[in-house]
Structures are given as structure tokens and as C-alpha cells.
Amino acid sequence: MSITVQAEPKKQHRSLSDKKLEAITGYLFILPTVLGFVVFTLGPIIATFYFSLTKYNMLKPPQYIGIENYVDMLADLRLLEVSRNTMVFSVSAVSLTIVFGLLMAVALNQNLLLPSFIQNIFRSVYFFPILVAMIYVAMIWQFWFHKDLGVINYYLGLLHIEPIRWLGSSQWALVSIIIVYVWKNVGFSMLIFLTGLQNINKDYYEAAELDGAGSLQKFFGITLPLLSPTLLFTMIINSINAFQEFDSMIVLTGGGPGDASRSLVLYIYEKAFRSFDMGYASALAMVLFLVIMILTLVQLKLSQKWVHYE
Amino acid sequence: MFAPFVWMFSTSLQPGSEAFKVPPKWIPTEWMFSNYHTVIFEKEVPFILFGWNSLKVAGLVTIGQLITCSLAGFAFARLRFPGKNWIFVVLLSGLMVPVQVMIIPIYVIMRTLGLIDTHWALILPWITNIFGVFLLRQFFLTLPKDLIDAARIDGANYWQIYAKIALPLAKPSLAALAVVTFTNTWNNYFLPLVFISSKENMTLPLGIRSLFNVYGGGNIALVMAGVSVAVLPVLIIFLLAQKRIIEGMLRGSIKG
């Protein structure tokens with residue numbers, strides 16, 4: 001109460017024209033961003049929704065057909081496989097990234113006794129792939145996956161494993177893309193986990209040791225529960241990324257063989273810019289939007305919780 | 001973990017006839033630095049032009065975002081105007097829209113403006129970035145209010161406060177945004193794939209992909225030399241600003 005009373009006279013000193021000036025400056029400062037948002041985000045979302053209710057090939061003006069595109073989806077067998085691929089890819093890529101990221105973070109955290117420059121080298125080596133464009137990463141792995149000349153099959157051969165047709169068989173195509181995703185993204189998750197681990201109060205571990213807890217017990221009893229907000233958060237971030245993975249698929253397999261490694265995003269791209277079936281592609285994009293929106297809302301809720309947690 | 005990059009680099013230095021043989025060779029027997037010369041000055045694939053195009057697009061997008069995001073971030077953090085909060089919330093909601101949802105209408109807009117197959121299609125829609133606005137707003141919120149009030153009493157106008165006081169203090173946040181935006185734009189493959197069709201307008205990712213189409217079957221050493229050259233700037237930036245990049249990316253990830 002006293003605070004408001006004190007603040008009152010100060011405010012009255014500001015003249016009306018000063019307030020106006022501040023507001024006008026504010027609007028001018030946000031103008032470029034708001035304009036960009038309206039023209040290139042908000043407008044396009046509305047337009048995509050409208051296109052999703054039309055038949056549109058860019059040559060003729062869009063022709064309104066109601067919810068026909070959405071009805072067509074139900075009978076689209078390719079969409080069924082594409083959605084299944086997207087789910088399989090996202091779930092496996094995300095869970096593997098998290099499991100390996102966590103293991104690496106715990107291992108690195110145990111070795112905090114190492115000289116700090118060695119720790120830094122580790123951090124850099126794991127972090128670097130995230131900065132390199134997926135297209136280049138995929139081009140390197142494309143050669144690594146080669147059936148006869150690839151590095152991977154060569155070393156598998158030393159272990160007496162028959163050469164695998166990584167990119168050419170429907171059994172392994174999606175697996176190959178998952179491997180590349182995990183390799184590229186695991187370092188980033190590891191760093192987030194490492195930050196989380198270092199925030200855990202050491203007293204908990206000391207107390208547990210006094211009670212005679214082993215390292216596994218400490219991991220499942222202390223580390224994992226205290227890290228859970230970070231874990232969930234990393235999971236959502238990775239799911240959003242994995243859901244939109246495009247570059248590695250178009251480079252490594254082009255979605256093939258057949259539709260074996262085609263994801264929803266790649267399918268949308270091909271419908272829109274190869275077959276110019278913009279209406280149907282828009283309807284697919286709206287579905288993607290819905291899924292991403294749900295994931296993001298969960299993330300926002302979780303990160304609020306996360307901030308509160310600390 | 002680093003092996004694919006080691007392989008890339010060593011392959012890029014091998015003679016075309018020896019690269020990509022079984023068993024894989026990790027150290028070249030003959031150091032063919034001429035591969036780099038061949039790739040860079042090859043007529044079929046104008047490598048230097050691709051690099052310049054990439055630099056131009058990534059540079060302009062980064063500069064654009066630094067300006068628009070810092071202006072808006074400052075306004076949202078430190079200026080009072082009606083409707084501020086709900087405008088900010090509406091803008092934030094834009095963070096959850098994947099590019100595939102907007103790409104068709106943006107394509108239509110660019111076609112109407114006659115900007116398909118120009119760099120403007122890669123620049124204009126990304127000249128502002130809600131995440132950047134958020135990042136800088138968070139920073140400007142940490143500036144003490146008194147600083148601004150004092151400057152106001154001394155007769156500085158809001159533009160001067162932004163340009164002379166707030167902006168210089170925001171350098172670390174601006175650098176973080178610049179690095180993230182630059183790398184993302186430099187690395188982007190999807191947008192040029194949609195918008196760019198003629199060779200002279202291609203950016204590096206698209207150009208290097210075409211390098212693969214030219215040499216992929218024959219000389220893999222040349223393809224890897226091209227990839228190495230494209231990865232090099234990222235590596236250099238990373239080594240120079242490693243700490244800041246990692247911090248910036250971690251901070252970025254926390255909010256989205």
C-alpha cells in the first residue's frame with residue numbers, strides 16, 4: 001500500500017505529452033517486428049488454413065472445396081505410412097538422444113577432476129556437430145553408409161557382420177537417418193544435462209553415502225528425480241526438432257525406398273513443390289501445426305515449472 | 001564422435017582414384033591440396049559465387065534481426081505503451097509455427113512480388129525473429145530502471161537511450177543472437193531448395209549438393225573438399241567464440 005502511495009506523485013510529474021511520446025516511440029520500435037509477424041507469420045497461417053479448404057495448383061486461383069482435403073487424408077494410405085515413419089523416427093531419435101546424452105553427461109560429470117582444458121575439449125567435440133549444417137553431415141554419412149565401400153560396413157565386416165544395405169533397404173533406411181540424428185544432436189542434450197547435473201546440491205549425495213547408498217541407488221534415487229524437469233524439457237525440444245527433420249531425409253534416402261523413410265514434412269514439401277497440390281499440402285501442414293502446437297504448449301508449461309524449480 | 005569430420009578432411013586430401021576405397025584410409029598417402037584449388041575454381045560449379053551468396057544472405061538476415069529484435073526487445077522491456085503485454089504474447093505464439101506451415105503462402109507472396117529465385121525471398125521473411133526479440137527483451141529487463149529515468153531527466157530522448165545506453169550494454173546478447181542467426185541462415189537448405197532454381201543464385205548448401213551431382217559418382221575427394229570448405233567458417237567462428245556460442249545456444253534452447 002505504502003509503495004503505491006509513494007509511486008503516485010512520481011507518475012504525475014510525467015507530463016501527458018511525455019507519456020504520448022513514450023507510447024509512440026514504443027509503437028515505432030516494435031513496428032518492423034509486428035509488420036514482419038503479420039505479413040510472414042500470421043497472414044500465412046490464415047492463408048494456409050484457407051488453402052487447405054481449396055483445390056490450388058498455383059496456376060489457377062484457389063477453388064473452394066470445403067473439407068474435402070481433410071476427408072481425402074483419411075483414405076490416403078501413403079499418409080498412413082508417412083505418419084507412422086514420423087512417429088517411429090521421432091520417438092526413437094528422441095529417446096536415444098536423451099539416453100546417450102544422459103549417460104555421457106553423467107560420465108563427464110564424474111570426471112570433473114580432469115583438468116578443465118580436457119573437459120573443454122570434450123565439450124567442444126560433442127558440441128561441434130550441432131553447428132554444422134545437417135546437409136553436410138548427411139553428405140558425409142551418405143558415403144559412410146555405402147554398402148560396399150562405406151566405413152561402417154567395413155568395420156562391421158571386421159566383426160564378421162554381413163554388409164548391410166543401409167540406405168537402400170526399407171528395413172534400414174529409417175534406422176540410418178535415426179543414427180545420423182542422434183549423432184548430430186546428442187552433444188547438445190548432453191550439455192543441457194551437464195548444466196542440470198552441476199546444479200544438483202552435492203549435500204544430497206553426501207547424505208546418501210552416509211546412509212550407505214550405492215552409485216546406482218544414487219543415480220535412480222537422487223540424480224534422475226532432480227533432473228526430471230530438464231529431461232522432460234530436452235525431450236520436448238528434441239521432439240519438435242525431430243518432427244520437422246527434413247534435410248537428412250532428402251539427402252540420405254529422398255524418403256525411399258518407396259515411402260520407407262519419408263516423413264510428414266518431406267511429404268508436405270513434395271505435395272506442395274513437386275506435385276503442386278497446394279491445397280492438400282496446406283491441409284497436411286495444418287495437421288503438422290496442430291501437433292507442434294501441442295508439443296510447444298507442453299514445453300511452455302514445463303519450462304515455467306522448470307524455472308520455478310530452481 | 002569426431003570421426004566423420006576426420007574422414008571428411010582426410011578424404012578431401014586424397015587423389016580421386018584412392019578416395020573411398022576399402023579399407024578406409026584415415027591418413028592420405030599423397031596430400032592432394034590441389035583438390036581444394038580444383039573445387040574452388042571449377043567453372044562448372046561456381047564455388048566462390050555460392051560462398052558470396054551465402055555470406056550475403058546470412059549477413060543481411062543477421063543485421064536485419066539485430067536491428068529489429070533490439071528495437072522491439074527494448075520497447076517491450078523498457079517503454080510503456082497501451083497493449084504492450086498482449087501484443088508480446090501474440091508475437092510469442094509465433095514461436096510455435098513450423099516453417100512448413102507458412103511456406104506455401106510465403107511462396108505465393110514472393111511469386112506475386114516477382115521475387116522467386118532471388119535472394120530477397122531468403123531474406124525478407126526472416127528479417128525479424130521473435131526468439132531474438134525475446135532474448136533481447138530478457139536482457140533489457142535486467143537494466144536498472146533508474147538508468148533510463150536518469151537519462152530521461154538529463155534530456156536524452158528514447159532513441160538516444162536505446163542507441164547510446166542500452167545497445168552498447170547489450171553486446172553479449174547481441175553477439176549470441178548474431179551467432180545463432182548467422183549459423184542457422186548459413187546452414188539452411190530448405191528455403192533455398194524451395195525458392196532458388198538458377199545456379200548463379202544458389203547458396204552454399206544447395207551449391208555443394210550440386211557438386212555432389214557433378215562428381216558424386218566419380219571423385220568423392222572433390223565433394224569432400226567442397227564440404228570441408230563450407231564447414232570451415234563454422235569451425236573458425238566456433239573456435240573463436242566457443243564459450244559464447246554454447247551459452248547462447250543453451251539460453252536459446254531454454255526459451256525455445
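Student: Which backbone oxygen does the side chain of B:Ser228 reach, and at what distance?

Tutor: This is a predicted model, in which local features need pLDDT of at least 70 and side-chain atom pairs count only at pLDDT 80 or more, while totals for chains, interfaces and linings use all residues. Residues are numbered from 1 along each chain as its sequence is written, chains are lettered from A and ligands numbered from 1 in the order in which they are written, and side-chain values use heavy atoms, with hydrogens and water left out. B:Ser228 lies in helix α13 of chain B, residues 220-254, where a helix is a DSSP run of H or I with at least four residues, numbered from the N terminus. Its side chain reaches the backbone oxygen of B:Met224, at 2.7 Å.

Student: Is B:Ser228 buried or exposed?

Tutor: Leaving out residues up to four places away in sequence, B:Ser228 touches B:Met8, B:Phe9, B:Ser12 and B:Tyr36, contact meaning heavy atoms within 4.5 Å. A residue is called buried under 20% relative accessible area, exposed over 50% and partly exposed in between, with a 1.4 Å probe and protein chains only. Because the relative accessible area of B:Ser228 is 5%, this residue is buried.

Student: Which residues is A:Tyr269 in contact with, leaving aside its neighbours within four places in sequence?

Tutor: A:Tyr269 is found in helix α12 of chain A, residues 264-273, and it counts as buried because its relative accessibility is 6%. The C-alpha atoms of A:Tyr269 and A:Phe246, which are 23 residues apart along the chain, are separated by 9.2 Å. The contacts of A:Tyr269 are A:Phe246, A:Ile250, A:Arg274, B:Phe190, B:Leu193 and B:Val194.

Student: What area do chain A and chain B bury between them?

Tutor: The size of an interface is often given as the accessible area lost when the parts come together. Here 83 residues of chain A are in contact with 81 residues of chain B. The buried area, which is the accessible area (1.4 Å probe) that two parts lose on being put together, summed over both, has 79% on carbon and sulfur atoms and comes to about 7,700 Å².

Student: How many salt bridges does the rule find across the interface of chain A and chain B?

Tutor: The rule asks for a side-chain nitrogen of Lys or Arg within 4 Å of a carboxyl oxygen of Asp or Glu. A:Glu22 forms a salt bridge with B:Arg80, with the closest N and O atoms 3.1 Å apart. Helix α2 of chain A, residues 16-51, gives the most to the side of chain A that touches chain B, with 22 residues. Across this interface, the number of salt bridges found is two.

Student: How far apart are the centres of domain 1 of chain A and domain 2 of chain A?

Tutor: The bounds come from an automatic or database domain assignment, which for chain A gives domain 1 (13-64) and domain 2 (73-309). The contact takes nine residues from domain 1 of chain A and nine residues from domain 2 of chain A. Taken over C-alpha atoms, the centres are separated by 34 Å.

Student: What distance separates the centres of domain 1 of chain B and domain 2 of chain B?

Tutor: For chain B, the domain assignment gives domain 1 (1-34) and domain 2 (60-206). Their centres, taken over C-alpha atoms, are separated by 41 Å.

Conventions: Helix = DSSP H or I, 4+ residues; strand = E, 2+ residues; numbered from the N terminus. Polar contact = N/O pair within 3.5 Å; in protein donor to acceptor, adjacent residues only side chain to side chain.
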